[in-house]
Amino acid sequence: MIFLKTDEEISFLREANQLVGRTLGEVAKWVQPGVTTKRLDEIAEEFIRDNGGVPGFKGYEGFPGTLCIEVNDEVVHGFPSDYVLKDGDIVGCDCGAVVNGFNGDSCYTFPVGNVSEEVLKLLRTTKESLYEGIAQAKAGNRVGHISFAVQDYCERRRYGVVRELTGHGLGRGLHEDPEVPNYGKRGTGPLLHAGMVICIEPMINMGSKNVTIDSNGWTVRTRDHKWSAHYEHAVAIREEGNEILSTFDYVKEVLGDRFI
């Protein structure tokens with residue numbers, strides 16, 4: 001069932017997503033060689049709680065962290081750990097926060113130190129495809145318009161588009177209907193209506209689209225162990241166009257010229 005949100009509910013969702021954006025900005029200050037992913041997780045949890053929120057992921061169906069940490073070939077749902085970030089790594093930080101009973105959800109993939117141009121191209125393409133999808137998120141279109149836009153943009157550049165994981169609706173529930181795949185055909189899928197709030201989140205691989213799941217039952221990584229990037233925004237469908245409720249502005253403030 002798809003829940004349409006009132007303007008008041010969208011304002012609550014905006015508040016939660018802005019907190020997530022601020023949290024990612026705080027995490028950005030610490031993304032560097034020599035830092036453990038567990039430390040990034042601790043920073044995120046402390047910041048969310050200090051600013052009136054509750055981590056949205058921690059304890060969700062047993063997930064252990066505030067952040068889903070995605071290093072190199074990990075696609076999604078990586079556990080925070082004692083892994084020490086190295087120069088040349090990439091690390092996706094998928095963050096959720098609950099404020100006033102509503103969820104925020106956004107992801108940014110950071111380069112760590114000096115990253116190769118080949119990998120930077122993957123990051124840029126994935127992030128650009130997010131905005132290609134967002135451009136199609138408007139009343140009267142269907143979910144398939146978003147899906148096709150992401151898939152077409154990435155596959156034309158010879159990247160693999162993950163099939164098993166999708167974006168989703170967002171509200172009081174972290175994962176609501178509809179699913180928002182990153183592949184599909186224009187004109188298919190649920191009709192987009194004003195009042196819908198969805199998360200669009202391309203998960204794009206440098207090599208094959210195929211993935212595996214680690215023995216922990218959570219961490220998804222590329223089957224060929226080539227690297228993967230992940231960016232996510234929460235988007236409200238409006239009568240005319242849309243509104244991005246989450247933000248990368250705080251990340252940009254920290255990274256400056258290093259902002260992808």
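Three strands make up an open sheet, ordered β3-β12-β11, with antiparallel pairing. At its edges sit β3 (74-76) and β11 (211-213), each pairing on one side only. Direction ignored, neighbouring strands of this sheet are turned by 40° against each other on average. The model is predicted.

Take β11 next. Its partner is strand β12 (residues 220-222), and the two pair in the antiparallel sense over three bridges.

Now turn to helix α2. This helix covers residues 37-50. With 14 residues, α2 reaches 20 Å from its first C-alpha to its last, close to the 20 Å expected at 1.5 Å a residue. After α2 comes Gly52, whose phi is positive, near 85°.

Which residues of α2 are buried? They are Thr37, Leu40, Asp41, Ile43, Ala44, Glu45, Phe47 and Ile48. Their cover includes a helix, α1 (7-28), and the strands β1 (54-55), β2 (67-71) and β4 (90-99).

Glu45 deserves a look of its own. This residue lies in α2. Why does Glu45 count as buried? Its relative accessibility is 17%, and buried means under 20%. Glu45 therefore falls on the buried side of the cut-off. Leaving aside residues up to four places away in sequence, Glu45 touches Pro55, Lys58 and Thr66.

Technical notes: Residues numbered from 1 in each chain as written. Predicted model: local features only at pLDDT ≥ 70, side-chain atom pairs only at ≥ 80, totals over all residues. Heavy atoms only, no water. Helix = DSSP H or I, 4+ residues; strand = E, 2+ residues; numbered from the N terminus. Buried < 20%, exposed > 50% of the residue type's maximum accessible area, 1.4 Å probe, protein only. Contact = heavy atoms within 4.5 Å. Expected span 1.5 Å × (residues − 1). Pairing = 2+ DSSP bridges. Axes fitted to C-alpha atoms, helices over the stretch in contact; angles between N-to-C directions.
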